[in-house]
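Hello,

Here is the structure I promised to pass on to you. Please have a look at it, and then read on for what turned up.

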Amino acid sequence: MASRKAKKKRAQRANSNVFAMFDQDQIQEFKEAFSMIDQDKDGFITKEDLHDMLASLGKEPSDAYLTKMMEEAPGTINFTMFLTLFGDKLSGTDPEDVIKNAFACFDRDGTGGIDIDTLRKLLMEMGDRMTEEEVEQMLDDAPLNADGTLDYNMFTRIMKRGQQKEEGEEEA
């Protein structure tokens with residue numbers, strides 16, 4: 001029981017900013033959808049819940065199909081994670097590994113870091129150009145490696161999941 005609670009807290013903390021993506025009417029509709037999928041009404045969507053919901057619609061999904069669906073979530077699917085998954089799908093954001101691979105193209109030494117000045121220049125001069133103010137706001141609290149380069153693995157994690165506490169920082 002305690003481990004399930006810990007997972008629930010971690011999922012909510014990691015994705016708490018997702019509620020800002022939707023208005024109250026949309027959130028209510030998502031709550032209704034979540035309730036229909038959560039067949040056992042325990043507050044979590046499991047593979048069994050998905051199977052039962054699809055079976056009630058006359059579908060007989062394979063175990064592999066259900067597993068693939070469940071693997072789209074990085075953890076337990078509570079309501080906050082459910083909203084996050086839909087937010088990502090609806091807003092068209094790239095998966096975490098795609099973003100990391102894009103950053104890796106500019107990591108010439110393979111160190112996991114990108115020179116901040118180089119990144120700043122790229123953001124203001126290539127593609128959908130950002131203003132200097134937008135770049136500064138984005139990089140304001142960006143995680144840095146010991147050598148002062150942007151830690152793009154951590155930066156991507158923060159962009160996709162929100163700011164997380166370090167492993168040793170759990171509540172006392």
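**What was found**

Of the protein's 172 residues, 30% count as buried; buried means under 20% relative accessible area, exposed over 50% and partly exposed in between, with a 1.4 Å probe and protein chains only. Please keep in mind that this is a predicted model, in which local features need pLDDT of at least 70 and side-chain atom pairs count only at pLDDT 80 or more, while totals for chains, interfaces and linings use all residues. Residues are numbered from 1 along each chain as its sequence is written, and side-chain values use heavy atoms, with hydrogens and water left out.

The average pLDDT of the protein is 80, and 80% of the residues score at least 70; pLDDT is the predictor's confidence in each residue, from 0 to 100. Over residues 1–16 the pLDDT is below 50, and this stretch has 23 contacts in the model beyond near neighbours in sequence; a contact means heavy atoms within 4.5 Å. Residues 167–172 also have a pLDDT below 50, with three contacts beyond near neighbours in sequence. Where pLDDT is low, the predicted coordinates should not be read in detail.

The protein has nine helices and two strands, in the order α-α-α-α-α-α-β-α-α-β-α along the sequence. Helices (H or I, at least four residues) and strands (E, at least two) are DSSP runs, numbered from the N terminus. Of the contacts with a separation of 6 or more, 57% are between residues 24 or more positions apart.

Lysine 41, in the loop between H2 and H3, has a positive phi near 55 degrees and is exposed, with a relative accessible area of 56%. Just after H3, glycine 58 has a positive phi of about 85 degrees.

Lastly, Phe30, Phe34, Phe79, Phe82 and Phe86 form one aromatic cluster. The count of aromatic pairs is eight, where rings of Phe, Tyr and Trp (its six-membered ring) pair if their centres lie within 6.5 Å.

Best wishes

Methods
Rings of Phe, Tyr and Trp (its six-membered ring) pair if their centres lie within 6.5 Å; planes under 30 degrees apart count as stacked, over 60 as edge-to-face and the rest as tilted.
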